[in-house]
Amino acid sequence: MIVAGIDIGSRAAKTVILKDGKIISATIRDTGPESVKTSYLAINATIEGTGLTLDNVDYIVATGYGRVLVPFAKENVSEISCHARGINYFYPSVTTILDMGGQDCKAIRVDQEGHVNNFVMNDKCAGGTGRFLEMIADVLGTKLTDIGDVALQSKNTIPFNTVCAVFAKTEAISYLRRGESRSDILAGLNDAIATRCLNLLKKVGIEKDFTITGGIAKNKGMVAKIKERVGLEPLLAEDPQLIGALGAALFAQERLMGKSTGEQGKIQYGYNDGNGDYYITIDLAQCNGCRECVTTCPAGIFEVLQEDGRKPKARVTEATRKKLAILCPGILSCSNSNNKTCQSACPQKAITLTW
Ligand code: SF4
Ligand code: SF4
């Protein structure tokens with residue numbers, strides 16, 4: 001049984017191929033401007049050297065912000081569910097995940113079977129994301145791959161007043177001009193970000209065992225500060241950046257074995273377009289297919305489908321997935337003009353809007 005998971009993130013495209021449950025190939029490459037092209041380059045690079053072709057891969061699941069734009073994927077699953085499932089492959093005891101990606105951070109609570117119980121995303125600020133660290137590395141004239149080690153050399157952590165991308169950049173420049181060392185500045189920033197992560201984790205409740213996933217988990221300086229703030233030693237995968245793609249591959253494997261995938265958990269639709277987060281999450285375990293969301297939504301965003309003899313479940317229509325920020329006025333405006341929203345109308349409390 002050969003399956004693949006592909007995680008098209010905002011900064012990097014990650015792909016994992018599993019053969020009979022074992023990882024046989026994995027790659028990470030930069031995300032290009034076109035998600036479709038990126039997805040082909042990523043899967044081809046991962047297949048290379050395995051003796052396989054794309055036709056030999058029995059089932060492919062996509063995840064990440066570009067997951068709806070992977071033409072050869074049979075299904076897409078939210079990155080939240082994929083990180084939960086992926087880390088369970090290595091550490092079934094992990095119940096608290098901090099996912100630090102290219103453009104957002106998420107705190108996720110999971111059970112010991114890798115199912116999501118709860119999650120919370122950072123607010124609309126870039127602080128603590130890969131994008132933010134790229135900017136800081138640039139300001140300090142340090143290679144992105146080196147900033148973790150440089151921060152570890154710090155003797156005197158400089159306190160930062162903010163992790164707001166704009167103000168932190170200004171603060172970093174002023175410290176640099178004052179002659180402070182790059183390592184102390186980076187340690188200060190990492191400390192401020194770690195405090196922010198701690199607050200995010202507190203919202204879902206921190207429990208042993210704990211992990212960090214995503215590209216930033218490779219930054220040793222950041223991991224050291226998070227460990228300090230959270231007070232727990234994170235259980236890190238060999239490559240934490242691949243966890244989402246691995247989770248997607250595991251979903252593909254389960255699908256092929258006839259198990260349901262998305263119905264077990266929450267499916268998140270939407271994106272961050274640089275101005276903010278626009279996500280609609282549907283908890284399929286709760287959804288009973290009553291269609292209340294379909295009749296309530298003035299923008300025609302929902303539909304209820306019954307697939308393969310399974311129970312009817314709500315989803316966001318294909319046609320609206322890439323236009324959510326345009327079609328939906330947001331929960332407050334919708335509530336004012338419509339008297340209710342999909343979230344308030346759902347009798348099962350299966351819908352969450354992060355706007
Ligand atoms: S209103 Fe809620 S329970 Fe009903 S179909 Fe929509 S998501 Fe499912
Ligand atoms: S908030 Fe209103 S417009 Fe937006 S998805 Fe829900 S029902 Fe539709």
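Two strands are taken to pair if DSSP finds at least two bridges between them. In this predicted model, strand β1 (residues 2-8) and strand β4 (residues 59-63) are joined by five bridges and run parallel. Within this pairing, G5 lies opposite V61 of β4. D7 faces T63, also in β4.

Strand β1 also pairs with β2, here in the antiparallel sense and over seven bridges. The two strands form a hairpin, with three residues between them. A4 stands opposite I17 in β2.

These pairings belong to an open sheet of five strands, ordered β3-β2-β1-β4-β5, with mixed pairing. β3 (22-30) and β5 (75-76) stand at the edges with a single partner strand each, so one side of each has no neighbour in the sheet. Helix α1 (residues 35-47) packs on the sheet and touches β1, β2 (12-19) and β3. The direction of α1 makes about 140° with that of β3.

Seven of the seven residues of β1 are buried, so the strand is largely enclosed by the rest of the structure. In a regular strand, side chains alternate between the two faces of the sheet. In β1, I2, A4, I6 and I8 point one way, whereas V3, G5 and D7 point the other way.

Two ligand shells were examined. Ligand 1 is surrounded by 14 residues, the closest being C287, C290, E292, C293 and C346. By class, this shell has nine nonpolar, three polar and two charged residues. The shell of ligand 2 holds nine nonpolar, two polar and no charged residues. Among them are the cysteines C297, C328, C334 and C342. T296 and T341 also lie around ligand 2.

Conventions
Residues numbered from 1 in each chain as written. Chains lettered and ligands numbered in written order. Predicted model: local features only at pLDDT ≥ 70, side-chain atom pairs only at ≥ 80, totals over all residues. Near = placed C-beta within 6 Å. Nonpolar A, V, L, I, M, F, W, Y, C, P; charged D, E, K, R; others polar. Helix = DSSP H or I, 4+ residues; strand = E, 2+ residues; numbered from the N terminus. Contact = placed C-beta atoms within 7 Å. Axes fitted to C-alpha atoms, helices over the stretch in contact; angles between N-to-C directions. Buried ≥ 20, exposed ≤ 12 C-beta atoms within 10 Å, placed from the backbone.
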